[in-house]
Amino acid sequence: MRFFILLIVFISFFDMFSQLPIMSTYAKGLGAGSAIIGIIVGMYSFSNMIGNMLAGYYIDRSRGKTILMIGLGLCGAILFLYPFAVTPAQLLGIRFLHGFISGFIVPAAFTMIANRSESGAQGKSMAITGAAVGIAAIAGPAFGGIAGSGNVQTVFIVNGILMLLTAAAVPFFIPKQGVSGSSSEKKAANQSGRSISSLMIFSFIGAFSLMFAQGVLAYMLPLQVEMLQFSSSASGTLLSTFGITAICIFILPTNKLYDKYKPFRLMTLGMSVIGFALLLLSNSTSLLMLYVSMVIYGLGFAWLFPSISALLIQQTAPEARGRAFGYFYAFFSLGSVAGSAITGALTVSFKSGFLIAACLLFGNILWMSLYNIWKNPPNKV
């Protein structure tokens, strides 16, 4: 069952990432102008955020199985609508529906994984889940770019078939859900107090910071590669470098460290490393330095992603994790949109863009650390 849920996570992110290389040109082919293309591309993340926020209530009531089956089925059906879009307005509507329904799938899958993670092993469990996301982030754009170069409709049809087949398999691979978790975990998660609420907020801020940096990176790195007059393919290999680095940390014995050290400390470490990598990127003028920076970025990503997920798990009761993960992934979507939108609106250079993202990370580390020292004794984090 755990492998099947990981497969769902992979397919969901594969669907999203595979459309990145093709959506702009697809919208342009329907006659959309530059401004409308930007709205069409960003609409998925916007409606996804709405779906994330609404998903939690239904996930906690149904324990996720029903949400996964319906979400995957509807997503698969919506994907078959893309080839029928003949105007930018129709494409925009399909993007809204696609992102909204997809917003229910990932929180449901992560909630089910979290509720089946052994107490004290949540960090390792989230690291393995992160590996599924990382593999999708590498394979998705490659598939979209290759398949889309021949016939862009192939991408939508293949993803739709995968979604529908997975939806049909849900009843066979996922049994009726109960609420799991040790009694001590439930007791700790249900305690009232500022320490628990603040740590949950820290998890949300960590998610926003991570995806803000990702949004800036996705927007600025191709511009930097072009300005430095390197091959256009370098952007893809650089992004793959950070993804491969993170995946290695996720799946190698190093993933035991996630449960050896407290999530808050790993979270601030990961944010610090990503901030340092962004500073290096802002001053990199050689291809070697760009690759070194992306390896360091991958290390930071590897420490940050599982730790913020584990922190959230430890601060919530199993009965409320659907809502928690719904808001968690809403902050993911918000960060991704904000990162590229803010730097794009400011029309800054790649150097300034990376500096803005680094300052956000370091600023969040500073206030969270100071607040945590002020409000919580050291043994709480």
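Biologist: Rings of Phe, Tyr and Trp (its six-membered ring) pair if their centres lie within 6.5 Å, with planes under 30 degrees apart called stacked, over 60 edge-to-face and the rest tilted. How many aromatic pairs does that rule give here?

Modeller: The count comes to 26 aromatic pairs. One of them joins F100 and F104, an edge-to-face pair with 5.5 Å from centre to centre and 70° between the planes. Bear in mind that this is a predicted model, where local features need pLDDT of at least 70 and side-chain atom pairs count only at pLDDT 80 or more, while totals for chains, interfaces and linings use all residues. Residues are numbered from 1 along each chain as its sequence is written, and side-chain values use heavy atoms, leaving out hydrogens and water.

Biologist: Where do F100 and F104 sit relative to each other?

Modeller: F100 and F104 are in helix 5 (residues 88-115), and because they are four residues apart there, about one helical turn separates them. Helices here are DSSP runs (H or I, at least four residues), numbered from the N terminus.

Biologist: And is F104 buried or exposed?

Modeller: F104 is buried, with a relative accessible area of 13%, whereas F100 is partly exposed at 22%. Buried means under 20% relative accessible area and exposed over 50%, with partly exposed in between (1.4 Å probe, protein chains only).

Biologist: What about the rings of F110 and Y329?

Modeller: Their centres are 5.1 Å apart and their planes meet at 55°, so that pair is tilted. F110 lies in helix 5 and Y329 in helix 14 (residues 321-346), so the pair ties together parts that are 219 residues apart in sequence. F110 is buried, with a relative accessible area of 0%, and Y329 is buried too, at 4%.

Biologist: Nice! Which residues form one aromatic cluster with those two?

Modeller: The cluster holds F110 and Y329 along with F242, F250, Y297, F301, F305, F325, F328 and F332.

Biologist: Back to helix 5. At roughly what angle does its axis cross that of helix 6?

Modeller: The axes of helix 5 and helix 6 (residues 122-150) cross at roughly 150° and come within 10 Å. Axes are lines fitted to C-alpha atoms, for helices over the stretch in contact, with angles from 0 to 180 degrees between N-to-C directions. Helix 5 is therefore roughly antiparallel to helix 6, a label for angles over 145 degrees.

Biologist: Which residues of helix 5 meet helix 6?

Modeller: On the helix 5 side they are F110, I113 and A114, and they meet S125, M126, T129 and V133 in helix 6. Contact means heavy atoms within 4.5 Å.

Biologist: New topic: where is T268 found, and what does it touch?

Modeller: T268 is found in helix 12 (residues 263-282). Leaving aside residues up to four places away in sequence, T268 touches I365 and S369. T268 is buried, with a relative accessible area of 13%. From T268 to A207 the distance is 12 Å, C-alpha to C-alpha, and the two are 61 residues apart in sequence.

Biologist: And N364, which helix is that in?

Modeller: N364 lies in helix 15 (residues 350-375) and is buried, with a relative accessible area of 11%. Again not counting residues up to four places away in sequence, N364 touches I205, S209 and M271.

Biologist: Last one: what is phi of Q229 near?

Modeller: Phi of Q229 is near 65°, which is a positive value in a residue other than glycine. Q229 is in the loop between helix 9 (194-227) and helix 10 (233-251), and Q229 counts as exposed at 73% relative accessibility.

Key:
Helices (H or I, at least four residues) and strands (E, at least two) are DSSP runs, numbered from the N terminus. Angles under 35 degrees count as roughly parallel, over 145 as roughly antiparallel, 65 to 115 as roughly perpendicular and the rest as oblique.
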